[in-house]
Amino acid sequence: MTGRQDVVMRLKGETERAVPGGGGEGAGGAPDAGDAAARRPKRDREATRRRILDAARDLFGEHGYDGVTVRMIAARSEANMALVNRYFGSKAALFGEVLAGESVLREVIAGEPAGLPRRLAEHFVRQIDRRGGTPMSRMLDRSAGQPEVKEILLHHLEDMIVEPLVAQLDGPDARARALLASTIIMGGGPVRRLLGLNDLRAADPAELTDRLTAMFTAALAPITPTR
């Protein structure tokens, strides 16, 4: 091979490695710059969306639904208002998505039906022990009663608590029994807001768990018809 041919071959090889799909790493080895650039916007969108959700959760917990504006959420998440509206459509829809993401009750309810009353009791006691409340409890405490989110809260109760409970129950009147257990779960909110939980926190957690287990067991048991 002449010196000129050698130079031409080397230049050709360098060109193929530099062009995506030209035989270099972009053709089957490490991802090339074009692939990385194509993926980056999706990662950026997901990160922005997560920041908006986190900011909304914190603000709704601090001020309640009515005390938060889309402008506040945009500023806290370092996004613009157009992005907030593009990703979620409205403040109410964003509130609903935050609720769905924060709820752990669906996971608590899932599992062996026989252990359901105990799992619910343990969850209830964990919430009592969390001073300052959870993001979820703060959101509900500060937003309950707002007409704009009433429908969202009803759907949340249905989708995250009532329906999963019904799916765990055998026998007649499953929905009525699920609703009865739901009143125990959700009834802690007004007590927390109006009376506080210091007396419950001072009680023995094991005894509280046993008592609540008995309450949930009774609520979820098949209803015996009266004669």
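Asp 173 is partly exposed, with a relative accessible area of 44%; partly exposed denotes the range between buried (under 20% relative accessible area) and exposed (over 50%), calculated with a 1.4 Å probe on protein chains only. This model is predicted, with local features requiring pLDDT of at least 70 and side-chain atom pairs counting only at pLDDT 80 or more, while totals for chains, interfaces and linings use all residues. Residues are numbered from 1 along each chain as its sequence is written, and side-chain values use heavy atoms, leaving out hydrogens and water.

## Overall organisation

The protein chain contains 12 helices and zero strands. Both kinds of element are DSSP runs numbered from the N terminus, with at least four residues (H or I) for a helix and at least two (E) for a strand. The protein chain has 227 residues, of which 34% count as buried. Among contacts in the protein chain (heavy atoms within 4.5 Å) with a separation of 6 or more, 67% come from residues 24 or more positions apart.

## Loop residues with positive phi

Most residues other than glycine have a negative phi. Asp 173 has a positive phi of about 60° although it is not a glycine. Asp 173 is located in the loop between helix 9 (147–168) and helix 10 (174–194).

Glu 78 likewise has a positive phi, near 55°, and is a residue other than glycine. Glu 78 belongs to the loop that joins helix 3 (70–77) to helix 4 (81–88), and is exposed, with a relative accessible area of 67%.

## The connection between helix 3 and helix 4

Ala 79 is also placed in the loop between helix 3 and helix 4. With a relative accessibility of 16%, Ala 79 counts as buried. Not counting residues up to four places away in sequence, Ala 79 touches Thr 48, Ile 52 and Ala 74. The C-alpha atom of Ala 79 is separated by 8.4 Å from that of Arg 51, which is 28 residues apart from Ala 79 along the chain.

Helix 3 and helix 4 pack with their axes 8 Å apart and at an angle of about 105°. Helix 3 and helix 4 are therefore roughly perpendicular to each other. Their contact involves Val 70, Arg 71 and Ala 74 of helix 3, together with Met 81, Val 84 and Asn 85 of helix 4. The axes are lines fitted to C-alpha atoms over the stretch in contact, and the angles run from 0 to 180 degrees between N-to-C directions. Angles under 35 degrees are classed as roughly parallel, over 145 as roughly antiparallel, 65 to 115 as roughly perpendicular and the rest as oblique.

Helix 5 (residues 91–102) has 12 residues and reaches 16 Å from its first C-alpha to its last, close to the 16 Å expected at 1.5 Å a residue. The expected span is 1.5 Å times one less than the number of residues. The buried residues of helix 5 are Lys 91, Ala 92, Leu 94, Phe 95, Val 98 and Leu 99. They cover an arc of only 160° around the axis, which puts them on the same side of helix 5; the arc is that of the directions from the helix axis to the C-beta atoms.

The axes of helix 5 and helix 9 come within 10 Å and cross at roughly 25°. That makes helix 5 roughly parallel to helix 9. On the helix 5 side the contact is made by Ala 92, Ala 93, Phe 95, Gly 96, Leu 99 and Ala 100, and on the helix 9 side by Glu 148, Val 149, Ile 152, Leu 153, His 156 and Met 160.

## Helix 7

Helix 7 (residues 116–129) and helix 12 (residues 205–220) have axes that come within 8 Å and cross at roughly 135°. That makes helix 7 oblique to helix 12. Residues of helix 7 at this meeting include Leu 120, Phe 124 and Ile 128, and those of helix 12 include Leu 208, Leu 212 and Phe 216.

His 123 lies in helix 7 and counts as buried at 10% relative accessibility. Leaving aside neighbours within four places in sequence, His 123 is in contact with Val 104, Leu 105 and Val 108. His 123 and Val 104 are 19 residues apart in sequence and 9.3 Å apart in space, C-alpha to C-alpha.

## Accessibility of individual residues

| Residue | Relative accessible area | Class |
|---|---|---|
| Glu 78 | 67% | exposed |
| Asp 173 | 44% | partly exposed |
| Ala 79 | 16% | buried |
| His 123 | 10% | buried |
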